[in-house]
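Hello,

Here is the structure I promised to pass on.

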Amino acid sequence: MKCTLEVECTPLEARQFFGLPDVQPLQATIMAEVEKKMLAEMERFSPEGVLKSWLSMFSQSPEQMQQTFSKLMFTGLNRTKA
């Protein structure tokens, strides 16, 4: 014997019927905190922020950095030609 029962209700009504706790306030609080942290991280990983963090690792003048990068690039090009 097969029996089919269809119930129309909202998720909130189903939770209340089965006696499950209402987690909407907790979810809203957690999502607001996640959003705040994500926005803070997005600012840190902006192109300008990444460039500043990379450049801060080098205590050289811009000219010295350019020479270093040029040497690295030409060394790599010479190796691929050989």
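Glu33 and Lys36 are 3 residues apart in helix α2, so about one helical turn separates them. I begin with this pair because side chains of opposite charge can pair when their charged atoms come close. Here Glu33 forms a salt bridge with Lys36, with 3.6 Å between the closest N and O atoms; the term stands for a side-chain nitrogen of Lys or Arg within 4 Å of a carboxyl oxygen of Asp or Glu. Searching the whole structure gives 1 salt bridge. Glu33 is partly exposed at a relative accessible area of 36%, while Lys36 is exposed at 54%. In these notes, buried means under 20% relative accessible area, exposed over 50%, and partly exposed in between, with a 1.4 Å probe and protein chains only.

Before the rest, a word on the source. This is a predicted model, in which local features need pLDDT of at least 70 and side-chain atom pairs count only at pLDDT 80 or more, while totals for chains, interfaces and linings use all residues. Residues are numbered from 1 along each chain as its sequence is written, and side-chain values use heavy atoms, with hydrogens and water left out.

On confidence: pLDDT is the predictor's confidence in each residue, from 0 to 100. The chain has a mean pLDDT of 81, with 87% of its residues at 70 or more. Where pLDDT is low, the predicted coordinates should not be read in detail.

The overall picture is helical: 4 helices and 0 strands, in the order α-α-α-α from the N terminus. Helices (H or I, at least four residues) and strands (E, at least two) are DSSP runs, numbered from the N terminus. Of the 82 residues in the chain, 1% are buried. Met65, in helix α4 (residues 62–81), is buried, with a relative accessible area of 11%. Met65 and Leu55 lie 10 residues apart in sequence, and their C-alpha atoms are 9.1 Å apart in space.

The chain exposes about 8,300 Å², of which carbon and sulfur atoms supply 64%; accessible areas come from the Shrake-Rupley method with a 1.4 Å probe, and for residues only the protein chains shown count as cover. A nonpolar surface patch is formed by Val23, Leu26, Ile30, Val34 and Met38, with about 440 Å² of accessible area together. Patches are made of residues with over 30% relative accessible area and no salt bridge, joining like charges within 9 Å and nonpolar side chains (Val, Leu, Ile, Met, Phe, Trp, Tyr) within 5 Å. Val34 lies in helix α2 (residues 24–44) and is partly exposed, at 35%.

Helix α1 lies largely in the open, because 0 of its 8 residues are buried. The structure has 1 aromatic pair: Phe17 and Phe18, edge-to-face, 5.2 Å centre to centre and with 80° between the planes. Rings of Phe, Tyr and Trp (its six-membered ring) pair if their centres lie within 6.5 Å; planes under 30 degrees apart count as stacked, over 60 as edge-to-face and the rest as tilted. Both Phe17 and Phe18 are exposed. Just after α1, Gly19 takes a positive phi of about 80°.

Lastly, the cysteines. The structure holds 0 disulfides, a disulfide being a pair of cysteine sulfur atoms within 2.5 Å. Cys3 is exposed at 70% relative accessibility, and Cys9 is partly exposed at 41%.

Best wishes
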